Number of protein chains: 2
Amino acid sequence: MTPPAERRTPLSRERVLRAAVALADDAGIESLSMRKLAQELGVVPMALYKHVANKDELLDGVVDVVVGEIEPPVADTDWKAAVRRRILSARSALQRHSWAAQVIESRSTPTPAVLAYLNSMIGLFREGGLSVDLTHHVMHAMGSRILGFSQELFTAAPAAEPPPAAMAAQLASAFPYVAELATAAAHSEDSVVGGGCDDQFEFEFALDLLLEGIERLHRRGWMSAQ
Amino acid sequence: MTPPAERRTPLSRERVLRAAVALADDAGIESLSMRKLAQELGVVPMALYKHVANKDELLDGVVDVVVGEIEPPVADTDWKAAVRRRILSARSALQRHSWAAQVIESRSTPTPAVLAYLNSMIGLFREGGLSVDLTHHVMHAMGSRILGFSQELFTAAPAAEPPPAAMAAQLASAFPYVAELATAAAHSEDSVVGGGCDDQFEFEFALDLLLEGIERLHRRGWMSAQ
DNA sequence: ACCTGAACACCGTTCAAGT
DNA sequence: ACCTGAACACCGTTCAAGT
């Protein structure tokens with residue numbers, strides 16, 4: 001059987017990156033290898049190196065795709081509302097690509113698309129009237145949350161099946177405060193999924209805690225000791 | 001040359017874990033492979049599997065070693081001071097092992113040592129008088145910061161050599177707000193390292209922003225909508 | 001019963017041989 | 001000049017053969 005006469009649409013950097021995002025979405029980030037990506041594209045592995053220098057550059061490229069999905073800032077609101085809304089949009093993008101946070105954190109240098117996003121977020125604070133000094137420390141304090149990271153510890157833990165009753169009782173007696181929190185969360189009314197935590201509520205709770213603290217410092221005319 | 005008659009001190013789980021920590025400290029986390037660790041211990045790779053079931057269990061073990069270095073909570077202070085001090089101790093432990101944050105984040109389930117630490121931190125809030133409800137949301141809001149994570153974006157970036165002047169000018173015009181912050185930080189007096197940011201100051205700034213916000217909610221008798 | 005060498009199924013990337 | 005198969009130097013882990 002010879003392959004059909006019509007050739008596959010030729011490779012391009014954009015086609016490589018889009019296929020990489022799709023592969024990570026469908027099969028998980030651990031499946032995103034140069035070899036499997038090439039196979040997905042019906043191409044020999046070395047053909048990819050014409051469009052990305054190496055795997056690091058491929059990962060930078062997929063980060064740019066994800067960051068490109070964040071909606072632009074809205075005009076005609078105060079800085080707090082604009083920052084809040086855009087961070088929630090960034091969170092949506094990260095949630096559409098469950099592997100994205102992990103990949104972004106593995107990068108050592110920001111790509112131009114990430115720098116543009118950060119520049120724009122800094123601009124929202126500055127145009128809102130915050131001083132350079134305060135904005136600087138605020139950006140450090142927001143940290144990766146500015147890109148929509150939830151910064152939860154062990155997010156995968158509650159998704160696993162609950163332990164058998166005997167072990168659960170043992171855990172509860174060894175870690176009573178953890179158990180108290182876990183049972184309270186399980187019975188909470190505002191929990192969307194039965195027995196779990198409302199991730200969206202927790203994210204907004206933490207975000208608003210920070211934004212309100214920042215607003216208070218700004219109104220107080222806070223500046224660092226210099 | 002035959003090896004000396006006296007045998008190496010026999011392997012044990014503890015010796016394996018200590019060697020793994022030392023190897024990661026000295027050669028970087030990417031050098032911590034089962035094969036290189038075995039070589040370091042003068043042992044065939046498969047010998048390690050007598051003491052750890054697989055590489056995941058090895059990584060859980062080294063996390064426990066690091067968490068074991070965090071100092072116990074101090075008594076006889078208010079909850080805010082006790083939480084603050086212990087988080088700063090956790091940060092010290094993470095800084096002594098530059099790879100630790102990355103490894104902890106790669107784990108999907110907390111080890112018993114991590115659970116014990118979290119249980120103790122929850123206890124500080126509860127014994128300080130915070131409600132179960134507030135403590136629950138506070139633990140989510142603190143997130144990985146409770147273990148001393150700084151949550152900075154691209155911490156490695158400023159450590160790299162500065163770009164040549166021509167490119168720096170181009171970057172400054174493309175990302176003016178980033179440039180404004182960078183130059184302000186470079187000239188700031190409270191910067192310990194010339195031209196960089198004071199990581200310890202930024203960490204404490206963010207930590208205090210959260211702790212003060214939490215204290216305010218607590219005094220106000222905050223509770224979630226239910 | 002314990003220990004371990006060889007083997008398996010992967011990686012990212014280099015390089016030389018083919019067209 | 002371009003393309004690509006084979007090869008290299010690694011992984012974690014299985015398994016069967018040795019003691």
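This is a predicted model: local features need pLDDT of at least 70, side-chain atom pairs count only at pLDDT 80 or more; totals for chains, interfaces and linings use all residues.
Me: How are H1(B) and H3(B) oriented to each other, roughly parallel or roughly perpendicular?

Reply: Angles under 35 degrees count as roughly parallel, those over 145 as roughly antiparallel, those from 65 to 115 as roughly perpendicular, and the rest as oblique. H1(B) and H3(B) are therefore roughly perpendicular to each other. Helix H1 (residues 13-27) and helix H3 (residues 55-67) of chain B pack at about 80°, with their axes 9 Å apart. The axes are lines fitted to C-alpha atoms, for helices over the stretch in contact, and angles run from 0 to 180 degrees between N-to-C directions. The helices themselves (H or I, at least four residues) are DSSP runs numbered from the N terminus, as are strands (E, at least two).

Me: Which residues make the contact of H1(B) with H3(B)?

Reply: Two residues are in contact if their C-beta atoms, placed from the backbone, lie within 7 Å. H1(B) contributes B:Leu17, B:Ala20, B:Val21 and B:Ala24, and H3(B) contributes B:Leu58, B:Gly61, B:Val62 and B:Val65. By class, this contact of H1(B) with H3(B) has seven nonpolar residues, one polar and no charged. Here Ala, Val, Leu, Ile, Met, Phe, Trp, Tyr, Cys and Pro count as nonpolar, Asp, Glu, Lys and Arg as charged, and the others, Gly among them, as polar.

Me: At what angle do H4(A) and H10(A) cross, and is the crossing left-handed or right-handed?

Reply: A crossing is left-handed if the near helix is turned anticlockwise from the far one by less than a right angle, and right-handed if clockwise. The axes of helix H4 (residues 79-96) of chain A and H10(A) come within 11 Å and cross at roughly 150°. H4(A) and H10(A) are therefore roughly antiparallel to each other, and their crossing is right-handed. In the contact, H4(A) supplies A:Lys80, A:Val83, A:Arg84, A:Ile87 and A:Arg91, and H10(A) supplies A:Phe203, A:Leu207, A:Leu211 and A:Glu215. These residues comprise five nonpolar, no polar and four charged.

Me: How are chain A and chain B related?

Reply: Two copies of a chain are related by a rotation about an axis and a shift along it. Chain A is superposed on chain B by a rotation of 180° with 0.0 Å of shift along the axis (RMSD 0.0 Å). The two copies are thus related as by a two-fold rotation axis. Such superposition is by least squares on the C-alpha atoms of residues with pLDDT of at least 70 in both copies.

Me: How many residues of chain A are in contact with chain B, and through which surface do the copies meet?

Reply: In this interface, 48 residues of chain A are in contact with 49 residues of chain B. Helices H6 (112-127), H7 (132-142), H9 (176-187) and H10 (199-219) of chain A each supply at least two residues of the side of chain A that touches chain B. H7(A) gives the most to that side, with eight residues. The side of chain A that touches chain B has 25 nonpolar, 15 polar and eight charged residues. Because 100% of the interface residues of chain A are also interface residues in chain B, the copies meet through the same surface.

Me: Which residues surround DNA strand C?

Reply: A residue is near a molecule or strand if its C-beta atom, placed from the backbone, lies within 6 Å of it. Those around DNA strand C include A:Ser33, A:Arg35, A:Lys55, B:Val44 and B:Lys50. Helix H2 (residues 34-40) of chain A gives the most to this surface, with three residues. The surface near DNA strand C has six nonpolar, two polar and four charged residues.

Note on methods. Residues are numbered from 1 along each chain as its sequence is written. Chains are lettered from A and ligands numbered from 1 in the order in which they are written.
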